[in-house]
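Dear colleague,

Please find below the structure that I am handing over to you.

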Amino acid sequence: MRKSLGASSSAQKTLPAQLPGLRYGVVIRPPAYGWTGERFESARLISVDDTSIGALGCETRVVVEGNFVGVVATTFEAARNAAQHLVLRWEKPASVANTQRETLLEKQNTEDAFARDYGWPSRLRWGEIPEWVIAESRDAALNVWTRTATPEALRHDLSLATSVDGTAITLHAPDGKALATGLGRHCGDDAAVDAALLAKAVGAPVAVWLSAAYEADVKALGRAQRMMLSATHQNDATISHYRYRQAYANGEVAAVGLLLSGRATLGAQTERKTLLFTPYRFEKSHLSAHTGERPAANMTLQDVQQTFAREAFVDELAHARGEDPLTLRLDHLDDDRGSELLTSVARQAGWPKKEPAEPSASDVLKGRGLAYAQLPDRHQRLESGVRSAWIADVDVNRVTGDVRLTRLVVGQDSGDEVDTAHLQQTLQERVLGESRGLLGRAPTFDEWGDGQTPETSSNALATRTTELSTSSFSKPADSSTLPLVLEDAEFAPGVAVIANALFDATGVRFREPPFTAGRVRQALDEQDPECRKGLPPGAKPPRKKATRRRWLAAAALTTVAGSAVMAWPWKGAITPITRPGANLYSVETIERGRLVAAAGDCAACHTTESGATNAGGHAFETPFGTLYSTNITPDEATGIGSWSFAAFERAMREGVGRDGRHLYPAFPYTAFAKTSDADLQALYAYLMAQPAVSAPAPKNALTFPFNVRALMAPWQALYHDPTPFQPDPTQSELYNRGAYLTEGLGHCSACHSPRNAMGAEKQGEQYLAGAVVDGWEAPALNTLSRSPVAWSESSLFDYLRHGRSELHGVASGPMAPVVAGLGELPEYDVRAIAHYVAQQMQAPAEDASSARAEAQRLTAATSAEPAGMEEGAQLFQGACAACHVDNGVPGFTKASTSLALNTNLHSDRPDNVIQSIMGGVHDTAVPGTGSMPGFADSFSDTQVATLTAYLRARFAPEAPMWQQLEQRVAETRQPH
């Protein structure tokens with residue numbers, strides 16, 4: 001089953017409890033549910049077993065209505081823990097599949113010479129930003145604090161969910177901003193209905209966390225509308241038999257909670273007339289819509305959907321005829337006023353498109369699109385309707401898939417004069433801004449910052465005091481001409497104009513919003529390479545899409561041929577190139593590459609203590625000898641400046657350098673091979689944009705036969721899988737994102753998994769089971785963890801994000817620079833890693849009360865001195881007690897966590913304790929975590945061993961004593 005993901009503890013703490021009796025809710029979706037295009041189908045709830053919740057020691061309430069299940073508690077942590085412990089039995093439906101793409105209506109007639117299908121999703125995205133959605137049901141009235149783009153539809157759903165009359169429902173928007181754009185619903189509406197159902201059931205206000213977890217609802221609801229257009233056209237100007245067929249009168253789907261609870265069918269439904277209209281005059285036109293049993297039509301959304309499908313179709317038809325899109329429209333627009341408006345806007349925008357005077361960054365594609373609308377004026381200002389013409393310019397980053405609106409020219413024949421600069425800013429915020437809107441990111445495994453939850457992002461309840469309104473013509477203080485919120489008809493061309501501009505830029509036709517970066521990037525990768533000429537020297541040409549039969553044949557041949565190639569010891573050298581110019585990659589691509597490098601912790605391994613960043617020379621002690629990291633700055637002589645992207649990708653995926661020599665797996669290409677194409681291209685761009693440093697790498701000192709690189713070929717054949725990461729469709733987006741970062745770029749297993757005699761990581765139960773690297777023990781990150789207090793997901797997040805955890809201590813040794821690197825990543829990404837690792841450890845979401853009780857017990861047990869260790873006690877009192885014992889004496893350097901909770905002292909190995917005593921703990925990598933001086937120069941081997949034994953006996957009294965400590969100390973002081 002899918003359980004909604006929660007907010008960070010910091011986000012929860014910033015939410016003031018200004019509503020009396022405020023509770024927190026977590027909803028649990030069925031294991032299978034979805035909109036088929038005709039109806040909603042869901043697994044059926046058979047039974048609920050909440051007996052295990054009582055052992056959690058928290059006040060909770062389970063809410064069940066039909067197939068809707070939620071848990072409400074006094075704290076968010078308690079609600080999330082209870083949801084994880086709730087045992088539900090479901091009966092799966094025969095099938096839950098979104099089938100409307102093929103089966104809703106009849107297929108296009110064979111006589112149609114030109115036919116296209118367009119779709120509209122039930123939810124454009126999961127939400128605007130991660131935030132609390134709150135519902136309060138009191139005195140036959142309902143107050144809801146949320147963002148919504150469709151307030152009328154939300155109010156209708158809330159009325160059905162709670163039986164509260166729509167006039168008694170008040171919607172409060174953050175900062176008083178009304179976002180009724182008419183573009184369609186997002187999952188803020190679903191979260192609002194979830195909160196309302198829970199609040200109604202428990203009789204208290206309830207807060208639900210809206211985050212990227214609601215993307216599951218986006219996928220489950222699929223398409224809400226299908227629009228099929230066709231026409232016949234001759235070589236001359238004749239276009240006839242234009243047909244527009246719409247699957248439903250209304251392209252909306254009710255909130256998921258409403259559908260699950262069975263309340264979606266309650267109340268009288270008012271069927272409103274479907275208005276189908278086209279401004280173009282084609283011979284023998286026919287427009288029709290299937291009505292079906294659906295809720296009342298949303299005329300705003302209908303306008304946008306129709307305009308999107310029609311304007312995209314006309315644009316496609318123009319390109320199929322080899323005709324200018326503006327010319328085709330003018331030839332078939334039997335309306336002088338509309339023709340004049342289109343001509344005027346085209347003249348102002350400089351249509352047809354002119355080539356820029358200077359070429360843009362070579363990883364950016366530029367495109368221009370046109371869209372026109374003439375829709376009924378529901379305000380009765382113009383009897384002939386409202387006309388609106390738009391021309392938009394976009395930049396498409398072909399590496400990341402990001403799209404940016406760079407210029408907008410808009411003309412309309414009613415209302416005030418349009419301030420296009422302000423309108424472009426408004427669209428950038430709504431469509432391309434923080435919420436990302438139509439061009440927004442969907443939370444996929446290789447997108448950066450999806451669903452991120454900045455610690456300051458939670459909006460205080462005190463700011464949510466303004467009632468939402470529908471779209472209006474209220475004007476900003478700094479403008480006397482532009483309405484803040486566009487009228488429905490005037491906004492209708494907004495989606496189509498972007499789709500047409502995207503086609504002009506990429507040659508790819510997107511027939512359904514949203515136009516996410518992932519969709520754009522995937523489409524670019526699948527199109528014919530001939531459509532992508534002009535890639536920068538380092539960029540990888542896309543793979544040409546093959547038929548299934550060809551793909552299967554190629555896969556079979558690749559399996560055999562690939563094995564033969566891997567077994568052959570020599571790879572050919574790749575021709576060197578001149579270092580790519582600094583202007584070949586856009587700022588966006590380089591920034592993405594910076595995040596990839598931070599996730600991969602490149603600088604930590606490729607930088608010496610006093611050396612230049614990424615210049616190499618860092619020594620790695622292995623059982624086979626000493627290896628040194630190489631220079632990965634873009635120096636052409638000693639670095640990778642002469643490497644093409646093909647050479648770089650081969651090294652990252654196959655472990656073979658540009659010169660054809662095999663690389664040693666101390667460079668974790670076994671993990672980096674899982675990196676996506678987009679992230680590899682961005683990383684290459686970032687590295688090539690850094691300062692070049694001349695720094696030859698020291699020669700490795702490996703013993704025979706490990707110094708023979710050719711032997712790595714059979715090693716790779718046995719132990720290396722170069723397959724890129726594949727997400728698990730049965731897991732959440734957060735889990736897959738965490739798996740991608742942990743198993744791939746983060747290469748956590750390189751340190752935390754033991755290796756076999758050949759230096760390959762062990763798999764199965766030994767995956768993430770702990771290992772020793774450079775004299776430090778990397779503890780187990782699975783169920784074999786020896787932490788005295790069990791880790792939780794929230795504790796893992798605190799440790800990885802801030803370098804400290806209340807019940808586990810601070811990050812030190814090799815983990816300190818890792819945490820520093822993670823500090824560069826969006827919070828969502830760090831939370832994803834914590835979530836994935838927690839799943840491997842079978843850890844709970846939050847620290848339970850039993851875990852805190854155990855921490856108190858372990859701490860209290862350290863008050864007694866171990867017998868017979870007086871010398872160790874004296875060393876501890878002199879060097880450690882001032883910071884590590886709470887004796888009531890004030891101090892500036894008190895350790896925040898008791899040594900009784902330190903995993904190192906409970907380990908089977910003393911390595912980390914010895915390393916910390918001798919080298920100290922320093923907060924240079926993660927400031928604020930605390931520092932401890934090293935005692936290597938002031939303590940002898942015997943004293944270090946004595947102190948180590950004392951620490952083990954006092955702070956881990958239940959663990960067996962370590963043996964041969966003085967020998968271990970000597971080995972640490974002088975490593976081989």
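Leaving aside neighbours within four places in sequence, Tyr 244 is in contact (heavy atoms within 4.5 Å) with Met 227, Met 228, Leu 229, Leu 276, His 286, Leu 287, Ser 288, Gln 306 and Ala 309. This is a predicted model, in which local features need pLDDT of at least 70 and side-chain atom pairs count only at pLDDT 80 or more, while totals for chains, interfaces and linings use all residues. Residues are numbered from 1 along each chain as its sequence is written, and side-chain values use heavy atoms, with hydrogens and water left out.

Tyr 244 belongs to strand β15 (residues 239-246); helices (H or I, at least four residues) and strands (E, at least two) are DSSP runs, numbered from the N terminus. With a relative accessibility of 2%, Tyr 244 counts as buried, a term that means under 20% relative accessible area, whereas exposed means over 50% and partly exposed lies in between (1.4 Å probe, protein chains only). The C-alpha atom of Tyr 244 is separated by 4.7 Å from that of Leu 229, although the two residues are 15 apart along the chain. The side chain of Tyr 244 also makes a polar contact with the side chain of Gln 246 (2.6 Å). A polar contact is a pair of N or O atoms within 3.5 Å; within protein, one must be able to donate a hydrogen and the other to accept it, and residues adjacent in sequence count only if both atoms are side-chain atoms.

Asp 157 lies in helix α4 (residues 151-162). A polar atom of the Asp 157 side chain lies 3.0 Å from the backbone nitrogen of Ala 255. Not counting residues up to four places away in sequence, Asp 157 touches Arg 185, Val 193, Ala 254, Ala 255 and Leu 258. By contrast, Ala 882, in helix α29 (residues 881-884), is exposed, with a relative accessible area of 57%. The C-alpha atoms of Ala 882 and Ala 895 are separated by 9.2 Å, and these residues are 13 apart along the chain.

I turn now to the strands. Strands β6 (residues 60-65) and β7 (residues 68-73) pair in the antiparallel sense over 6 bridges; two strands pair if DSSP finds at least two bridges between them. Within this pair, Thr 60 stands opposite Ala 73 in β7. The hairpin has 2 residues between the strands, and Gly 66 takes a positive phi near 65° there.

An open sheet of 3 strands has the order β17-β18-β19, with antiparallel pairing. Strands β17 (364-375) and β19 (403-412) stand at the edges with a single partner strand each, so one side of each is left without a neighbour in the sheet. Neighbouring strands of this sheet are turned by 15° against each other on average, direction ignored. The antiparallel pairing of β18 (residues 386-397) with β19 extends over 9 bridges, and Val 394 has Leu 405 in β19 as its bridge partner. Helix α13 (residues 493-506) lies across β17, β18 and β19, running at about 150° to β17. For such values, axes are lines fitted to C-alpha atoms, for helices over the stretch in contact, and angles run from 0 to 180 degrees between N-to-C directions.

The buried residues of α24 are Glu 793, Ser 794, Ser 795, Leu 796, Phe 797, Tyr 799 and Leu 800. What covers them includes β26 (804-805), β27 (809-810), α25 (815-822) and α26 (827-841). Gly 803, which follows α24, has a positive phi near 80°.

Helices α31 (residues 941-955) and α32 (residues 965-973) pack at an angle of about 120°, with their axes 8 Å apart. Asp 941, Thr 942, Val 944, Ala 945, Thr 948 and Ala 949 in α31 meet Leu 965, Glu 966, Val 969, Ala 970 and Arg 973 in α32.

As for the protein chain overall, it has 32 helices and 27 strands. Buried residues make up 56% of its 976 residues. Among contacts between residues at least 6 apart in sequence, 73% join residues at least 24 apart.

Yours sincerely
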